[in-house]
Amino acid sequence: MKVSYGWIVVAVGMVVSCIGFGAMFSLAVFLEPISTATGWSRSGVSAAATLNFLCMGVASFAWGALSDRYGTRIVVLAGATLLGIGLVLASQTTSLPAFQILFGMIVGAANGAFFAPLTALAMAWIVRNRNLAAALVSAGMGMGSMTVAPLTRWLITDYDWRIAMLALGGLVWGVILPAALLLRPAPGTVHAGGSAAADPDDPGLTVGQALRTPQFAIIALTFFACCATHSGPIFHMVSYAMGCGIAAMAATTVLSAAGLAGLGGRIGGGLIADRIGTKPTIVFGLALQAVAVSLYLVVDNLASFYALSILFGTAYGSVMPLYAILVRTYFGARIMGTTFGAVSMVSSLGMALGPWMGGWVFDTFGAYRWLYIGSLIFGAAAVGIALTFRPPAADARAQAKAAVPAT
């Protein structure tokens, strides 16, 4: 049986997401060793993660627009090159501000080249199982916690944090650059500059019109609150577990367990959305995420950390691919790279909030309790906003028709 080339594109998306985001999220494993070796505060090191997400958000919009116009391959190649440079240079710096710029700004901006463009390309290739395609590309992010985090911990333990970060830069260049060469535009693709949409269900909105719709605001705000809920607990999971008496390698496997559960959650969320609809799936996943965050206030041993990591990873993983599905449903494939990049930019503000907030809470109070209380509040807000989702068709098409002069 002949396999569609689209599934090769999906596989490349998974690999690139795994290595790219795994390298960026590995800062959670680097946090304690860097702080101990350099004397930099945890909030100072955590600020690099905040810059990661801020810069990734702004860059996602730009990379998405470039992918709509010039194609995904060139965008991923450029992002991978920049990511490797950021990691290699950050591994050699002796200054906290320089580390924040190199790991925070450059690594973050580089990662913006991956998720939105690759998801848009995968969904353009795969028609019959489009939700599954988006879920699998998103699943690559969860695979990063399963694979890159333990590798990072092993390198830190056997060598030091600088050698480990240098090795990650080499891994990015050695894997992502050749993998990106396999990316091809989907048959019949019409870029944003084209005169017509390739998809008959495309509402015909321009980027400016799409960004002014209530649907865009609702998707972006839900994504923001969702990411603000889980970013802090994910980033500080290893440090929190170590503070509860868990050994360093075991604490890292707790993060890997969350990544593994997130992998299953992403695929499961996409499949469930096909059956019961995207809105109920998102609302349930967000509610489960809020419950899971609240339980971090009571865990205190390795077994409970593993159990909670599985619940938490499943919850946040189940909703992550669904935002891309909503964006394509509301705004069509023609401008998906740009619109999903814009949604990702807003969500990155939520991702930026959690690591900084956790570092500040720990440095101020010597514990993480208020981090989880704050995350719970954002989790409840995400559920409330998601309940306001409305079907897009009528509003979007009405706006598009109103913008076209009569002939």
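Helices here are DSSP runs of H or I with at least four residues, numbered from the N terminus. The model is a predicted one, in which local features need pLDDT of at least 70, side-chain atom pairs count only at pLDDT 80 or more, and totals for chains, interfaces and linings use all residues. Residues are numbered from 1 along each chain as its sequence is written, and side-chain values use heavy atoms, leaving out hydrogens and water.

Start with the inside. Rolling a probe the size of a water molecule over the atoms shows where empty space is left. A cavity is a set of points, on a 1 Å grid over the protein atoms alone, where a 1.4 Å probe fits but cannot get out, and its lining residues have an atom within 4 Å of a point. Grid points are joined across faces, edges and corners, and a volume is the space filled by probe spheres set on the points. Counted this way, there are two cavities of 30 Å³ or more.

The largest cavity has a volume of about 400 Å³. Its lining is made of 31 residues, and Phe21, Phe25, Phe53, Met141 and Met351 lie nearest its centre. Among the elements that give two or more residues to this lining are helix 1 (5–25), helix 2 (27–38), helix 7 (130–158), helix 12 (248–276) and helix 16 (336–365). Which helix gives the largest share of the lining? That is helix 10, with six residues. For residue classes, Ala, Val, Leu, Ile, Met, Phe, Trp, Tyr, Cys and Pro count as nonpolar, Asp, Glu, Lys and Arg as charged, and the others, Gly among them, as polar. The lining of the largest cavity then has 18 nonpolar, twelve polar and one charged residues.

The second largest cavity holds about 30 Å³ of space. Its lining consists of Phe25, Ala28, Ser145, Ile234 and Leu255, which divide into four nonpolar, one polar and no charged.

Now for the packing of helices. Axes are lines fitted to C-alpha atoms over the stretch in contact, with angles from 0 to 180 degrees between N-to-C directions. Helix 2 and helix 7 pack at about 20 degrees, their axes 9 Å apart. These two helices are therefore roughly parallel to each other, a word used for angles under 35 degrees. In their contact (heavy atoms within 4.5 Å), Val29, Phe30 and Pro33 in helix 2 meet Ala149, Thr152, Arg153 and Ile156 in helix 7. By class, the residues of this contact are five nonpolar, one polar and one charged.

Further along, helix 12 and helix 13 (residues 278–295) have axes 7 Å apart and an angle of about 135 degrees.

Finally, the axes of helix 16 and helix 17 (residues 369–386) come within 9 Å and cross at roughly 145 degrees. Their contact has seven nonpolar, three polar and no charged residues.

Note on methods:
1 Å grid on protein atoms, 1.4 Å probe; cavity = no way out; pocket = protein on both sides within 12 Å on 5 of 7 lines; lining within 4 Å. Parallel < 35°, antiparallel > 145°, perpendicular 65-115°, else oblique.
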